[in-house]
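User: Can you walk me through this chain? I'd like the folds first, then a few residues.

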Amino acid sequence: SYEGKVAVGNVVLARMLDDQFPNSLSGVIYQRNQFSVVNNGSINQAASDEAIHAAYEAVAQTNQGDNDMSLYFYNPNIVKQSWLQTRTHIKTIGNHAFKR
């Protein structure tokens with residue numbers, strides 16, 4: 001969903017601001033085993049107009065201080081990681097849990 005795309009953009013931006021993660025966009029996105037679109041190569045496909053708009057909205061929210069500061073997102077129906085379950089739940093969008 002569009003809301004999910006914005007939320008994923010917020011995760012990337014929040015990670016850039018957090019000392020636990022690389023401080024560059026490419027560093028966060030290409031950090032080993034963090035994003036399935038990097039692992040499966042679909043990141044190399046052209047971005048849709050909706051994805052581009054969502055990226056701009058995520059940046060605007062961060063600049064306004066509206067970022068929810070989620071650092072992680074995953075589908076709990078697919079990923080069974082106990083350490084993610086210990087993280088603070090921020091919100092659920094579709095099948096994805098967003099956590100801090």
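Analyst: Here is a short tour, from the whole chain down to single residues.

User: What kind of model is it, and how are residues numbered?
Analyst: This is a predicted model: local features need pLDDT of at least 70, side-chain atom pairs count only at pLDDT 80 or more, and totals for chains, interfaces and linings use all residues. Residues are numbered from 1 along each chain as its sequence is written, and side-chain values use heavy atoms, with hydrogens and water left out.

User: How many helices and strands?
Analyst: Five helices and three strands. Helices (H or I, at least four residues) and strands (E, at least two) are DSSP runs, numbered from the N terminus. The order from the N terminus is α-α-α-α-β-α-β-β.

User: And is it as compact as a globular protein of that length?
Analyst: The radius of gyration is 13 Å, close to the 13 Å from the globule rule for 100 residues, so the chain is as compact as a globular protein of that length. That radius is taken over C-alpha atoms, and the rule is 2.2 Å times the number of residues to the power 0.38. The C-alpha trace spans about 35 × 30 × 25 Å along its principal axes.

User: What share of the residues is buried?
Analyst: Of the 100 residues, 29% are buried. Buried means under 20% relative accessible area, exposed over 50%, and partly exposed in between (1.4 Å probe, protein chains only).

User: Which residues of α1 are buried, and what covers them?
Analyst: The buried residues are G4, V6, A7, G9, N10, V11, V12, L13, A14 and R15. Their cover includes α2, α4, β1, β2 and β3 (96-99).

User: Tell me about N10. How accessible is it?
Analyst: N10, in helix α1, has 2% relative accessibility, so N10 counts as buried.

User: What span does α4 have?
Analyst: α4 covers residues 49-63, 15 residues that should span 21 Å at 1.5 Å a residue; the end C-alpha atoms are 21 Å apart, which agrees.

User: Which residues of α4 are buried?
Analyst: A54, A58 and Q61. They cover an arc of only 65° around the axis, so they sit on the same side of α4. The arc is that of the directions from the helix axis to the C-beta atoms. In general, an α-helix has 3.6 residues a turn, so residues three or four places apart point the same way.

User: What covers that side, and what is on the face turned away?
Analyst: α1 (2-17) is included in the cover of the buried residues. The face turned away carries the exposed residues D49, Y56 and N63. Just after α4, G65 takes a positive phi of about 80°.

User: Where else is phi positive?
Analyst: N33 has a positive phi of about 60°, although N33 is not a glycine. Most residues other than glycine have a negative phi. N33 lies in the loop between α2 (25-29) and α3 (36-39). With a relative accessible area of 51%, N33 is exposed.

User: Switching to aromatics. How many pairs?
Analyst: Four aromatic pairs. Rings of Phe, Tyr and Trp (its six-membered ring) pair if their centres lie within 6.5 Å; planes under 30 degrees apart count as stacked, over 60 as edge-to-face and the rest as tilted.

User: Where do Y72 and W83 lie?
Analyst: Y72 is in strand β1 (residues 72-74) and W83 in helix α5 (residues 82-85), so the pair ties together parts eleven residues apart in sequence. Y72 is buried at 8% relative accessible area, while W83 is partly exposed at 40%. Ring pairs link F21, Y72 and W83 into a cluster.

User: Last one: I93. Buried or exposed?
Analyst: I93, in strand β2 (residues 89-93), is buried at 7% relative accessibility. Leaving aside neighbours within four places in sequence, I93 is in contact with S1, E3, G4, A7 and F98.

Technical notes. Expected span 1.5 Å × (residues − 1). Contact = heavy atoms within 4.5 Å.
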